[in-house]
Amino acid sequence: VSIKIGGKSKTLVLREFVNEKNNLKQVQAIIPNIIHSLDASHLINIINNHISNNNYPVISVHDCFGTLPNHMHNLSQSIKKEFILLYSKENFLNKFHSKIIESIEDNNYIIENDYVIDNNDNTILIPKLPKLGKLKFDKIIDSKYMIN
């Protein structure tokens, strides 16, 4: 509903919430939410490391960072180092897959031969994990273009 009084307009939106879930939206949100959480972890690791080890200003907006020009090299190295630490500590995909399996089992579903069996005896195939690429973490620290 839009109302215009004295040259100014005001819009009011009324929404009705229903107790239904949208499975397609849930499926489409999984990967962006995972990436967002990893970006947030990277950010907080950089800030925590920076607070304890450095004495120059840093600003951040989402996954972008800035500092004064004479500190840019140090910040760039810190960002690369935290990236390497975040992604090389353990295989994230295996850990995520295990947590999903654990969650399925915690909700009293049966898993047999890579299938989830629900209460109506329907079976859902559990997808195989994708193969990891050949990212060389030791090359990242010397990379010129990881951070622009």
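**Close-up views of a predicted protein model**

**Figure 1. The whole chain, contacts first.** Of the contacts in the protein with a separation of 6 or more, 46% are between residues 24 or more positions apart; a contact here is a pair with heavy atoms within 4.5 Å. What you're looking at is a predicted model, where local features need pLDDT of at least 70 and side-chain atom pairs count only at pLDDT 80 or more, while totals for chains, interfaces and linings use all residues. Residues are numbered from 1 along each chain as its sequence is written, and side-chain values use heavy atoms, leaving out hydrogens and water.

Four helices and seven strands make up the secondary structure, and starting at the N terminus they go β-β-α-β-β-α-α-β-β-β-α. The radius of gyration is 23 Å, well over the 15 Å from the globule rule for 148 residues, so the protein is more spread out than a compact globule. That radius is taken over C-alpha atoms, and the rule is 2.2 Å times the number of residues to the power 0.38. Helices (H or I, at least four residues) and strands (E, at least two) are DSSP runs, numbered from the N terminus. The C-alpha trace covers about 65 × 65 × 25 Å along its principal axes.

Figure 2. About 12,400 Å² of the protein is accessible surface, and carbon and sulfur atoms account for 55% of that; the areas come from the Shrake-Rupley method with a 1.4 Å probe, and for residues only the protein chains shown count as cover.

**Figure 3. Helix α1, with D39 and H50.** Both D39 and H50 belong to helix α1, which covers residues 23–53. Beyond residues up to four places away in sequence, D39 touches H62 and D63. K10 is another story: D39 and K10 are 29 residues apart in sequence and 37 Å apart in space, C-alpha to C-alpha. As for H50, it is buried, at a relative accessible area of 10%. Setting aside neighbours within four places in sequence, H50 makes contact with Y56 and V58.

Figure 4. S78 sits in helix α2 and counts as buried at 9% relative accessibility. S78 touches I46 and N49, if you ignore residues up to four places away in sequence.

Helix α2 (residues 72–88) also holds F83 and Y87, four residues apart, or about one turn of the helix. The count of aromatic pairs comes to one. F83 and Y87 form a tilted pair, 4.7 Å centre to centre with 45 degrees between the planes. For the rule itself, rings of Phe, Tyr and Trp (its six-membered ring) pair if their centres lie within 6.5 Å; planes under 30 degrees apart are stacked, over 60 edge-to-face, and the rest tilted. Y87 is partly exposed, at 27% relative accessibility.

**Figure 5. Two asparagines with positive phi.** N108 is in the loop between α3 (92–106) and β5 (110–112). Though not a glycine, N108 has a positive phi of about 65 degrees, and its relative accessible area of 67% makes it exposed. N113 is in the loop between β5 and β6 (115–117). N113 isn't a glycine either, yet has a positive phi of about 50 degrees; at 70% relative accessibility, N113 counts as exposed.

Notes: Buried < 20%, exposed > 50% of the residue type's maximum accessible area, 1.4 Å probe, protein only.
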